[in-house]
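With the model open in your viewer, please follow the selections below in order. Each stop names what to pick and then says what is there.

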Amino acid sequence: MRLPADALLGDEGRGFHMMMSVLDKGRVGIAALAVGIGQAGLEAAVDYAAQRKQFKRPIAEFQGVQWLLADMAVDVEAARLLVHSAATKIDRGEDATRACSMAKRFAGDMAVARSADAVQVFGGSGYIRGFEVERLYRDAKITQIYEGTNQIQRMIIARELIKNGARAA
Ligand SMILES: CC(C)(COP(=O)(O)OP(=O)(O)OC[C@H]1O[C@@H](n2cnc3c(N)ncnc32)[C@H](O)[C@@H]1OP(=O)(O)O)[C@@H](O)C(=O)NCCC(=O)NCCSC(=O)CCS(=O)O
């Protein structure tokens, strides 16, 4: 099929580059989704730990549960800051490829690990369909897959390091 010359989008021969830069923007979007999943899991886990009692005390008073909650909060916040950093680069028109892949790699892996922790805080009930944390755990998994798997993101980060050096960008 032949199209008229004015149907051309962007510059001739640059289609792959354009597609790749669109993926950069998509990846920071997936990372933001992963942050939302992590945050929702954290809030659900904190609320549940405060009201669920074992041995006559809320489970939030047990150190083992506190450590889970603290690590969840730290990782969600770190992922959020990576997302902000990558999105700021895009807004400023800077090269954001490495930052977007770093945000997606970290946030996707964080969402899977930390929503698993949320299920852990809920115990057996967290595994039951209908409980929010069960859905969050399933939803988290796809963020490691679409818009380029997290294995691809590692490849991109390594290529960027080799091409541009390892200094903080
Ligand atoms: C695997 C890839 C990272 C790399 O692919 P290549 O090795 O084939 O290409 P490169 O040599 O790295 O680059 C070729 C060319 O493009 C330029 N480039 C590369 N990245 C960018 C970028 N981010 N912005 C602008 N330009 C870019 C690069 O400089 C080279 O230019 P020159 O030739 O030197 O001029 C890549 O193929 C990749 O990221 N693959 C994953 C794709 C992906 O994310 N797919 C998922 C989308 S669909 C979905 O998620 C649904 C999932 S589902 O299961 O339903």
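Begin by selecting residues 13-161, the stretch that an unreviewed UniProt entry annotates as "domain: Acyl-CoA dehydrogenase/oxidase C-terminal". In this predicted model, the span is 77% helix and 3% strand, and its end C-alpha atoms lie 26 Å apart.

Next, display the ligand together with the residues around it. The shell has 14 residues, of which His-17, Met-20, Ser-21, Tyr-146 and Gly-148 come nearest. Colouring this shell by class will show eight nonpolar, four polar and two charged residues.

Just after α5, select Gly-165, which takes a positive phi of about 90 degrees.

Now step back to the loop between α4 and α5, where Glu-147 lies. Is Glu-147 buried or exposed? Glu-147 counts as buried because 22 other C-beta atoms lie within 10 Å, and 20 or more are needed for that label. Its backbone also deserves a look, since most residues other than glycine have a negative phi. Glu-147, although not a glycine, has a positive phi of about 60 degrees.

Centre the view on Ala-31 and, leaving aside its neighbours within four places in sequence, look for its contacts with Ala-79, Leu-82, Val-83, Ala-103, Lys-104, Ala-107 and Gly-108.

From there, follow α2 along its length: it has 29 residues and reaches 42 Å from first to last C-alpha, close to the 42 Å expected at 1.5 Å a residue. The buried residues of α2 include Val-65, Leu-68 and Met-72, and also Asp-75, Arg-80 and Lys-89; the buried residues of this helix pack against α1 and α3. Just after α2, Gly-93 takes a positive phi of about 75 degrees.

The remaining stops are exposed positions. Select Phe-55 in the loop between β1 (53-54) and β2 (57-58); its phi is near 55 degrees, a positive value in a residue other than glycine. Phe-55 counts as exposed because it has 7 C-beta neighbours inside 10 Å, the limit for that label being 12 or fewer.

Move on to Arg-129, found in the loop between α3 and α4, which is likewise exposed, with 7 other C-beta atoms within 10 Å. A distance drawn from Arg-129 to Met-19, C-alpha to C-alpha, will read 38 Å, across a sequence separation of 110 residues.

Finish at Ala-5, in the segment before α1, where 6 other C-beta atoms lie within 10 Å and the residue is therefore exposed. Between Ala-5 and Lys-53, 48 residues apart in sequence, the C-alpha to C-alpha distance is 70 Å.

Methods
Residues numbered from 1 in each chain as written. Predicted model: local features only at pLDDT ≥ 70, side-chain atom pairs only at ≥ 80, totals over all residues. UniProt positions renumbered as here; feature names shortened; annotations may be inferred. Helix = DSSP H or I, 4+ residues; strand = E, 2+ residues; numbered from the N terminus. Near = placed C-beta within 6 Å. Nonpolar A, V, L, I, M, F, W, Y, C, P; charged D, E, K, R; others polar. Contact = placed C-beta atoms within 7 Å. Expected span 1.5 Å × (residues − 1).
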